[in-house]
Amino acid sequence: MGLLKKSSKKAPIDGAKGKVEQDDANDPLGLAKSDSPASGSGRGMPKEKMNAREGMENQEHNRIEIKAEKHTKKVKAEPAVIVAAMAYLTALASDVRGIFEQVRPVEQAANALSHFQSQSQEVDKAELDPHAIASLIVYFLRDKEDPVCTCTRRSDIMQTCSLPNEEERQEGLQQIMAGMPAENAAFLRSLRDLVLAVSVEHQSFYQDGLETRIDALAQLFGPLLIRPAAAEMKKKGHAAAVFARHLFGKASILDPSIPPPASAASREEEAEEPLGGSAQKP
């Protein structure tokens, strides 16, 4: 039964006051009141507008029930399968607008997962929603029993990310990552490749700098990779994002010799001036 169940007690109707009491009993969340975001006042409304208001109330009702149940459905998969999904999405990133900007339900993410779990060698691109794949990656990190950066390294990572000096943070995190299990390190490299590809697409569309999108995705993935306790999220969420920025940006703490990719604008300039000459756009 939904959250907006009707009360078993009938409120006595005594003019306007009785109606208000009855409405409060049947609408404990106040969705039908004039100050509700889902509807306006129903006084004097034509029938068709009343029906529209009821539809909005039902929509809000469903949204609340979905929100209440959002953590009951979990995504579980082998890390290698998610790495394959990330590699697939990385190859598409330059042609897809707004990866990680749209959220898909767990059911759609699970459907995308089934394609990568199948035995067939080729994934049917026409059947896959890139945003469902992106959501699959986020759900996997959220629901994974042990965070990718492992519980045993969480305290060291958080302490290192709290250092005020950036060079000291970089060096300290490199030392921690050097002891990361090979499978976990490979996962982080694949995620970094995807984040940088998504950031390049974002930069080519908005022209607001590569670091802008990297910083935003660091805030998304930092807590998912470290998974601080819920009670400590406000306190340690920033440090987790700092870790992700060291992972994704500039010289990575995993592969410090590999620089981030050039922005789309930089690539266009290189194409226009090849080896001491200038070229015109076709």
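Predicted model: local features only at pLDDT ≥ 70, side-chain atom pairs only at ≥ 80, totals over all residues.
Helix H3 is covered, at its buried residues, by elements that include helix H4 (106-117), helix H5 (130-143) and helix H8 (182-206). Helices here are DSSP runs of H or I with at least four residues, numbered from the N terminus. Buried means under 20% relative accessible area, exposed means over 50%, and partly exposed lies in between, with a 1.4 Å probe and protein chains only. The buried residues of H3 are Pro79, Val81, Ile82, Ala85, Met86, Tyr88, Leu89 and Leu92. As background, an α-helix has 3.6 residues a turn, so residues three or four places apart point the same way.

Residues are numbered from 1 along each chain as its sequence is written, and side-chain values use heavy atoms, with hydrogens and water left out.

The length of H3 can be checked. The expected span of a helix is 1.5 Å times one less than its number of residues. For the 14 residues of H3 (residues 79-92) that gives 20 Å, and the end C-alpha atoms are 20 Å apart, which agrees.

Leu194 lies in helix H8, and it counts as buried because its relative accessibility is 0%. Which residues does Leu194 touch, not counting residues up to four places away in sequence? They are Met86, Leu89, Thr90, Phe100 and Ile137, where contact means heavy atoms within 4.5 Å. Leu194 and Met86 are 108 residues apart in sequence, yet their C-alpha atoms are 6.4 Å apart in space.

Phe100, one of those partners, lies in the loop between H3 and H4. Most residues other than glycine have a negative phi. Phe100 has a positive phi of about 70° although it is not a glycine, and at 13% relative accessibility Phe100 counts as buried. Thr150 likewise has a positive phi, near 65°. Thr150 is found in the loop between H5 and helix H6 (151-161), and is buried, with a relative accessible area of 9%.

Cys149 is buried, at 1% relative accessibility, whereas Cys151 is partly exposed, at 39%. How many disulfides are there? The count comes to zero, a disulfide being a pair of cysteine sulfur atoms within 2.5 Å. For Cys149, the closest cysteine sulfur is in Cys161, at 9.3 Å, and is therefore too far for a bond.

Two packed helices are described by the angle between their axes and the distance between the axes. Helix H9 (residues 210-226) and helix H10 (residues 233-248) pack at about 115°, with axes 7 Å apart. Axes are lines fitted to C-alpha atoms, for helices over the stretch in contact, and angles run from 0 to 180 degrees between N-to-C directions. The residues of this contact divide into 14 nonpolar, three polar and two charged. Nonpolar here covers Ala, Val, Leu, Ile, Met, Phe, Trp, Tyr, Cys and Pro; Asp, Glu, Lys and Arg are charged, and the others, Gly among them, are polar.

Gln219 has its place in helix H9. Is Gln219 buried or exposed? Gln219 is exposed, with a relative accessible area of 54%. Its C-alpha atom is separated by 7.5 Å from that of Ala244, 25 residues apart along the chain.

Methods:
Helix = DSSP H or I, 4+ residues; strand = E, 2+ residues; numbered from the N terminus.
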